[in-house]
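Here are my notes on this model, point by point. Please read them with the structure open.

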Number of protein chains: 2
Amino acid sequence: MSTKESNIDFKSSFPGSKKVYVQGSRADIQVPMREIKQSPTSGPQGEEENPPFRVYDTSGPYTDTDYSADVRQGLPSIRSKWIMDRDDVEEYTGRGLKPEDSGYQSVDTQDYQDHFPGLKRKPLRAKKGRNVTQMHYARKGIITPETEFIALREQVSPEFVRDEVARGRAIIPANINHSESEPMIIGRNFHVKVNANIGNSAVTSSIEKEVEKMTWATRWGADTIMDLSTGKDIHTTREWIIRNSPVPVGTVPIYQALEKVNGEAEKLTWDIYRDTLIEQAEQGVSYFTIHAGVLLRYVPLTTERVTGIVSRGGSIMASWCLADHEENFLYTHFEEICEILKMYDVSVSFGDGLRPGSIADANDDAQFAELNTLGELTKIAWKHDVQVMIEGPGHIPLHLVKENVDKAHDICDEAPFYTLGPLTTDIAPGYDHITSAIGAANIGWHGTAMLCYVTPKEHLGLPNKDDVREGVISYKVAAHAADLAKGHPAAQKRDNALSKARFEFRWRDQFNLSLDPERALQFHDETLPAEGAKTAHFCSMCGPKFCSMRITHDIRNYAHEKGVDLATAIEKGLKEKSQEFRDSGSKIYK
Amino acid sequence: MSTKESNIDFKSSFPGSKKVYVQGSRADIQVPMREIKQSPTSGPQGEEENPPFRVYDTSGPYTDTDYSADVRQGLPSIRSKWIMDRDDVEEYTGRGLKPEDSGYQSVDTQDYQDHFPGLKRKPLRAKKGRNVTQMHYARKGIITPETEFIALREQVSPEFVRDEVARGRAIIPANINHSESEPMIIGRNFHVKVNANIGNSAVTSSIEKEVEKMTWATRWGADTIMDLSTGKDIHTTREWIIRNSPVPVGTVPIYQALEKVNGEAEKLTWDIYRDTLIEQAEQGVSYFTIHAGVLLRYVPLTTERVTGIVSRGGSIMASWCLADHEENFLYTHFEEICEILKMYDVSVSFGDGLRPGSIADANDDAQFAELNTLGELTKIAWKHDVQVMIEGPGHIPLHLVKENVDKAHDICDEAPFYTLGPLTTDIAPGYDHITSAIGAANIGWHGTAMLCYVTPKEHLGLPNKDDVREGVISYKVAAHAADLAKGHPAAQKRDNALSKARFEFRWRDQFNLSLDPERALQFHDETLPAEGAKTAHFCSMCGPKFCSMRITHDIRNYAHEKGVDLATAIEKGLKEKSQEFRDSGSKIYK
């Protein structure tokens, strides 16, 4: 993998931008932002400066021109000192890598040769009797460096961040073994976040491609990454991703556990699953999707559905339950799971294994039966100070979207809701980034804290780089539309800055302030490629005579020349022409 | 232009489809539908047929394999006999073509050479004292052939169609001089419709390209077309489009009027405008956007806006009003306009000249002041039995969307609302088909009758063919999501058919039932191109072991083999293992 390519890409993706850091209360709290330069406004009154505009930045050190990326070494461990200073963790030898972790028979394999070379440190875990979750600290009233980092990032007070985490209304996914990650928060009272799924499958893809997708997705704004890999090299793929990821990484551990039993669900055991949790916790996964709410007695509720069970994890657990008519071991062992999670600060993201996979199945008994169980499990997790998210559907028509958030918040006491889409119709494979961005914007507006992206390839194939970009930007659109609608105080500033640039024909600023400057520029240049067109006071849509914005400027200049405001100018004009207006006045002004 | 190309395209765009016609009460009422063939379901019980599925079809005769398209001759006049049978119209010599109609100095020009060769008939108009609007007939209790055609198309009763039109809650845009058009209806109690804007500008495009965009847009599902051409050849471009369009064509006549005065708004006069209305009515335009609500006294309300006036027509009229401090002539002459419209059955679509062009300006005083005036004008139009639509914004954050529909319905007495988007954020040029599909789905859900598409090029450039397709499909998604949410009885059938096909691994059926089968197939084949993968019981996303749908089938087959339903099987299993369950039962089942 090349090392410096990322920096070069950054410049073409985001021209006019530079990386800046907001300094916190201690030297090592440095919150990244992307600062967009603006050109001045030219008007009848002369030039007026437009201040540089700062945006939330998920892209990590790769976009810092002073940083030399080397994916074989991984990112710097910015949180190590914070974690060690708390004096509640210990290094230990760890579980060690086993051949079956990546699907091989012996250690003498490709997997070992490809294993990540850069990690020199041993895994950390909580000292005996200690709890290292951010929720635990928050409940003790401690403002951690992570909390302060997030407060600066979200432009709220550290106390507010702490209170929301203590309350369980927000989570900070921050495994102590992923000290490379930049702290971020997921909760209804913060910016709506976007997750991007990546991962190879038994059928396609490779480690390099997945790491590249991760840096690519975070460049465009993904706030977390889920590695949903299956098949060979699953451990190694994850190691490369985590060591190079500036954002928290989530997984679905049952996928790897199933690989370890050759895909035969009935052979899954609690021991294999438990071992997989520890394996992944030691690597630094920050949240686990756990399908603990798929109970045996709920499975029959899915038999009359149009699309049955559409969650991989849900179907695996349903299959396991039926094989021996036993209750879901994720449910029966949930307290033990919590004991593991709190040793590493892995958040639990309760999987919605019985989510609807079609409009016909939306908001049905199976779905809500599982949600009730998730409410019960949330309480157990919180008893352990384990941070919780609740996953949601899926396929939901618009008028039933709000009920999903409201129920989740009600049943799970406002634990952050994290939804896939939802898709608002089934009839557009190839466009499911759009069918679902519609649902995502709506569900975000009503309080959903994180949106799992859907790419144009959903239902059809694995996303390539272009699909990842399309999916992430579509979801940044949905998340931002939701932030505006829920009244996030900072959200509209960017809309206003871009619209002002648009109105003032500052084309370059309009492009640079957008979510995807590269595409905006490219689309503009398809019809008007000349450099002069980037300062033109019209564009290819209307041409100069029909440009409403040019005409509006003329109107304003007219008022300016008269030295009065427009209302007065009109009033004056009306008086001058009073006789004329009186004649027809009764018709015009009623 | 080639003649038969369209038919070939159709097959690749919609494999598995054929054109069928539903026969009405008279031989010449033949309602087009696209019928999608489905393969049978294979299950443990053997094979089961899936009936062919019919969808609404806007593509016109081009997609009929028995039809030979010749764009130089235009489409057949399917409504001629219906119109003549009513015995209330007369042929007349018409206004004739003037050189300035297409922006030339004399008749000895390219324009004349390119003029449409196929139209042999003279223009029609209402006989003296007669009114030929569909609203007029509906109010007289007459069920026209157009009404019956629409009833079959929408699967409702003709009486219902008539009542909605009489009430003003729906319109049938059907100029008597566009007898080639297939009747369709726009109203809140029918399928949500999609309009596609096309048109060249002074800067780019050509007649051929615009005609091609029209056939292309209607192929993918556009219900009406607006020709927003400016610049040279405006009359000729429109002639070619109308003669070949199976859907109603709308225009903004002020654009052409402005061309006739060389783009100098202050030179516009009522006479020039009036003459342009007649010119276009004779050609067969079915609805005119008229910015009659932009009153002089509203212009100052826009001066503090972030983006001022963003409607071309709005800015032209504001500029005209200010030039001499006169009231908008579209307002002062509106009764005379109605006299023209009812002679040809041109519907009026009241332009929202003061619509917001940014989130900051949404739902402001200027916008709602204009809307109040539109309410007043609606009553005048209805007095003449002139059909009315109300145009709406623009740029609106999600939480303010519903207020727009509610106010429009309230103030304009439920005249059909027709919106551009709205875009729910300003920050994503290049993705405005998505920022606006979100708003469009929401506003459609709340009762908006037609959605004007936005392409990815919005704010950046003129759409090409790919952009038109992307825009139309994005809006078909929004319209369908709205139909589902507002509870249109027929809408969910297609979702159910597609989801059933998906669940049963009928890949070809899944593609063919989708809005864009060609793209669905192409995306699928990017990862699994082999023909066998179209019958595989898994796909590239999860591979065979992780396929939730395969596992669900296994679960169902398991129950089937046991000869009982799953709930009973589980119950039975539970009893067999009762002792084991009793031991841990109190924990599992509370």
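1. The model is predicted. Start with Ser286(A), which touches Pro173(A), Ala174(A), Asn175(A), His178(A), Pro248(A), Val249(A), Asp345(A), Val346(A) and Ser347(A), leaving aside residues up to four places away in sequence. Ser286(A) sits in the loop between helix H10 (270-283) and strand S13 (287-290) of chain A. Is Ser286(A) buried or exposed? Its relative accessibility is 0%, so Ser286(A) counts as buried.

2. **Chain A overall.** Chain A has 590 residues, and 67% of them count as buried. Its secondary structure comes to 23 helices and 17 strands. Take the contacts in chain A with a separation of 6 or more: residues 24 or more positions apart account for 74% of them.

3. **The barrel in chain B.** Eight strands of chain B form a closed barrel. The order is S10-S11-S12-S13-S14-S15-S16-S17, and the pairing is parallel. Neighbouring strands of this sheet are turned against each other by 25° on average, direction ignored. Strands of a sheet pair through backbone hydrogen bonds, either parallel or antiparallel.

4. **One strand pair up close.** How many bridges join S12 to S13 in chain B? There are two, between S12 (residues 249-251) and S13 (residues 287-290), which run parallel. Thr251(B) stands opposite Phe288(B) of S13(B).

5. **A covered helix.** Helix H9 of chain B spans residues 253-260 and is mostly covered. Eight of its eight residues are buried. They are Pro253(B), Ile254(B), Tyr255(B), Gln256(B), Ala257(B), Leu258(B), Glu259(B) and Lys260(B). Note that Glu259(B) and Lys260(B) are on this buried list. What do the buried residues of H9(B) pack against? The partners in chain B are helix H8 (234-244), S12, helix H10 (270-283), S13, helix H11 (312-324) and helix H12 (329-332). H9(B) is followed by Asn262(B), which has a positive phi near 55°.

6. Asp87(B) is not a glycine, yet its phi is positive, about 60°. Asp87(B) is in the loop between helix H2 (80-85) and strand S6 (89-91) of chain B. Its relative accessible area is 48%, so Asp87(B) is partly exposed. His325(B) is not a glycine either, and has a positive phi of about 50°. His325(B) lies in the loop between H11 and H12 of chain B. His325(B) has a relative accessible area of 8% and is therefore buried. Please check both residues on the display.

7. **Cis peptide bonds.** Which residues does a cis peptide bond join in chain A? Gly421(A) and Pro422(A), with omega about 10°. Pro422(A) is in the loop between strand S16 (417-420) and helix H16 (432-445) of chain A. In chain B, the bond from Pro393(B) to Gly394(B) is cis, with omega near 5°. Gly394(B) is in the loop between strand S15 (388-392) and helix H15 (401-411) of chain B.

8. **Cysteines.** How many disulfides does a search of the whole structure find? Zero, over all chains. Cys321(A) is in no disulfide, and the nearest cysteine sulfur, that of Cys338(A), is 18 Å away. A disulfide needs two cysteine sulfur atoms within 2.5 Å, so a gap of 18 Å rules this pair out. Cys321(A) counts as buried because its relative accessibility is 0%. Cys452(B), at 5% relative accessibility, also counts as buried.

9. **The interface.** In the contact between the chains, 127 residues of chain B meet 127 residues of chain A. Chain B and chain A bury about 10800 Å² between them. Carbon and sulfur atoms carry 67% of that area. On the chain B side, Ile427(B), Tyr431(B) and Phe546(B) lose the most area to chain A. Together these three make up 8% of what that side buries.

10. **Charges across the interface.** The count between chain B and chain A is two salt bridges. One salt bridge joins Glu526(B) to Lys457(A). The closest N and O atoms of Glu526(B) and Lys457(A) are 2.6 Å apart.

Note on methods:
Residues numbered from 1 in each chain as written. Chains lettered and ligands numbered in written order. Predicted model: local features only at pLDDT ≥ 70, side-chain atom pairs only at ≥ 80, totals over all residues. Heavy atoms only, no water. Buried < 20%, exposed > 50% of the residue type's maximum accessible area, 1.4 Å probe, protein only. Pairing = 2+ DSSP bridges. Helix = DSSP H or I, 4+ residues; strand = E, 2+ residues; numbered from the N terminus. Axes fitted to C-alpha atoms, helices over the stretch in contact; angles between N-to-C directions. Contact = heavy atoms within 4.5 Å. Buried area = accessible area lost by both parts, 1.4 Å probe. Salt bridge = Lys/Arg side-chain N within 4 Å of Asp/Glu carboxyl O.
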